[in-house]
Amino acid sequence: MSLVKILGVQMFADLLSPLFRERRYDIDKLVSIARKAGSAGLVEVLERLAADLARDAGLARVAARLGAALAPACRRGAAECLAWGWGIEGARARSAGPARGFRAVAVAPTRHCNLRCPGCPCTTAPASAGDPPGVVARSLAAARSSGATLVVVQGGEPFADPGRLFAMLEGNRDLYFLVITNGTLVTRDAARRLAAAGNAAVAFTVVGGRDETEGRRGPGAHRGAARGMEELRRAGAPFGVMPAGPGFDAARFVGDDFLRAALRRGALFTWYAGGAPGFAWQVSERHPLLAFRTPRELTRAHPCLPLADDETADGLSPRVRPVA
Ligand code: SF4
C-alpha cells in the first residue's frame with residue numbers, strides 16, 4: 001500500500017471516529033485528493049461536511065453518530081474499501097475504464113427467501129437457487145477491474161445462506177458490500193461477523209409499520225427485523241433502512257415520523273431505491289423523492305445519511321455483471 005493511501009485511509013477512518021471534530025484540517029487534504037481523482041460526489045460530501053462542522057449540523061451530526069456507533073473494524077473497512085477504494089481509486093478507474101459510468105455491481109448468492117410475500121418469485125425458489133459461484137466470482141472481478149467496487153447483495157434473502165454470504169464478504173476484503181435483507185435472519189453471530197469483517201453495511205427493506213409488515217410478510221416478520229437491527233446496533237455494524245414496495249409512499253418515507261423511527265432503531269442511512277438503478281453518495285437532486293424534501297433538508301432534520309439509486313447513473317450491473 002502506498003504511503004499516500006495509508007495516510008488517506010487513516011484520515012477517512014478518523015473522520016468516522018469520535019476524533020472527527022479535531023480533523024477539520026484533514027478534510028481539505030481529502031478534498032484535494034478526491035478532486036484529483038475526479039470524484040465529484042466525494043468532493044461534494046467532504047465540502048458539505050466541512051461547512052456543517054462549523055455549525056455542528058447536517059453531515060457533522062451524521063459523522064458524530066457514525067463515530068459513536070461503528071466498531072473499529074467497520075470504521076476501517078468503510079474508510080479503506082468505500083471511501084478510498086470506491087471513492088478515490090474507483091473514481092479513477094470508473095472514469096477511464098470500459099465500464100464507464102457504472103458505480104456498483106449486483107450479485108444474488110441465493111434467490112431463496114425464508115418469508116412468503118405474495119407475488120414474490122423468491123417464495124418458490126429452492127434453497128439451491130442463486131447465482132452460481134463462478135458468476136459471483138466473475139462479477140466481483142468485474143467490480144475490481146471497472147472501479148465499481150461497491151457490491152449490492154440482492155436476494156432472495158442473503159442471510160438464508162450465511163455460508164455463501166460470509167465466504168464472499170470475508171474472502172473479498174477489498175470490496176464493500178451492501179447487503180439487502182428482510183432482517184429476520186440477522187442473528188447475533190451474523191452481526192458479530194459483520195462487525196469483525198468491517199466491509200459491509202446492511203439495508204433492511206421496510207414495507208411499513210408493524211401491521212403492514214406482518215400483514216404482507218407474515219407473523220413475526222416485524223419483530224424479527226427489529227431484533228436483527230438491535231443485534232447489529234450492539235455489535236457496531238452499520239445498517240440502514242430501504243423503503244420497499246408495494247405501494248411505495250415517497251412522502252411518507254422522507255417524513256419525520258419514518259426517519260425518527262429509523263433513528264431510534266439505530267439506522268445510520270436510508271436508501272431510496274427509486275427509478276432506474278445506480279448508486280449515489282447521496283440522494284440525487286433529480287430523484288423523485290425530492291419533490292418532497294432535498295438532501296440538505298433531510299440531513300439537517302435527521303442525522304441519517306440519505307442514499308439513493310440515482311436515475312442519472314447508468315445501471316447497477318447489467319453491463320458489468322457477467323451472465324452465466
Ligand atoms: S422478504 Fe423480499 S425476497 Fe423475501 S419473499 Fe418477501 S419480497 Fe420476496
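**Entry 1: terms and model**

Helices (H or I, at least four residues) and strands (E, at least two) are DSSP runs, and they are numbered from the N terminus. I am working on a predicted model, in which local features need pLDDT of at least 70, side-chain atom pairs count only at pLDDT 80 or more, and totals for chains, interfaces and linings use all residues. Residue numbers start from 1 along each chain as its sequence is written.

I looked up the make-up of the protein chain and found 13 helices and seven strands. I call a residue buried if 20 or more other C-beta atoms lie within 10 Å of its own, exposed if 12 or fewer, and partly exposed in between, with C-beta atoms placed from the backbone. Of the 324 residues in the protein chain, 51% are buried. Two residues are in contact if their C-beta atoms, placed from the backbone, lie within 7 Å. I took the contacts between residues at least 6 apart in sequence, and 77% of them join residues at least 24 apart.

**Entry 2: Pro132**

I found Pro132 in the loop between strand 1 (104-107) and helix 6 (133-146). Pro132 has 11 other C-beta atoms within 10 Å and so counts as exposed.

**Entry 3: helix 1**

The 13 residues should span 18 Å at 1.5 Å a residue, and the end C-alpha atoms are 18 Å apart, so the two agree.

Which residues of helix 1 are buried? They are Gly8, Phe12, Ala13 and Leu15. Around the axis they cover an arc of only 155 degrees, so they sit on the same side of helix 1. The arc is that of the directions from the helix axis to the C-beta atoms. I traced what the buried residues of helix 1 pack against, namely helix 2 (24-36), helix 4 (59-69) and helix 5 (72-96).

Helix 3 (residues 40-55) has 16 residues and reaches 23 Å from its first C-alpha to its last, close to the expected 22 Å. I listed its buried residues as Leu42, Val43, Val45, Leu46, Leu49 and Leu53. They lie on the same side of helix 3, because they cover an arc of only 165 degrees around the axis. The face turned away from this buried side carries the exposed residues Ala40, Ala54 and Arg55. The buried residues of helix 3 pack against helix 2, helix 4 and helix 5.

Asp56 is not a glycine, yet it has a positive phi of about 50 degrees. With 10 other C-beta atoms within 10 Å, Asp56 is exposed.

**Entry 5**

Is strand 5 (residues 239-243) mostly covered or mostly uncovered? It is mostly covered, with five of its five residues buried. One side has Phe239, Val241 and Pro243, and the other has Gly240 and Met242.

Two strands pair if DSSP finds at least two bridges between them. Strand 4 (residues 200-206) pairs with strand 5 in the parallel sense over five bridges, and Ala203 has Gly240 of strand 5 as its bridge partner. Strand 5 also pairs with strand 6 (residues 269-272) in the parallel sense, over two bridges. There I noted Val241, whose bridge partner in strand 6 is Thr270. In strand 6, Phe269 and Trp271 point one way and Thr270 and Tyr272 the other, and all are buried.

**Entry 4: the ligand shell**

I count a residue as near a molecule or strand if its C-beta atom, placed from the backbone, lies within 6 Å of it. The residues surrounding the ligand include Cys113, Arg116, Gly155, Gly156, Glu157 and Arg217. The shell divides into five nonpolar, four polar and three charged residues. Here Ala, Val, Leu, Ile, Met, Phe, Trp, Tyr, Cys and Pro count as nonpolar, Asp, Glu, Lys and Arg as charged, and the others, Gly among them, as polar.

I checked the bond between Gly155 and Gly156, which is a cis peptide bond with omega of about -15 degrees. Gly156 is in the loop between strand 2 (150-153) and helix 7 (162-170).

How values were computed:
The expected span of a helix is 1.5 Å times one less than its number of residues.
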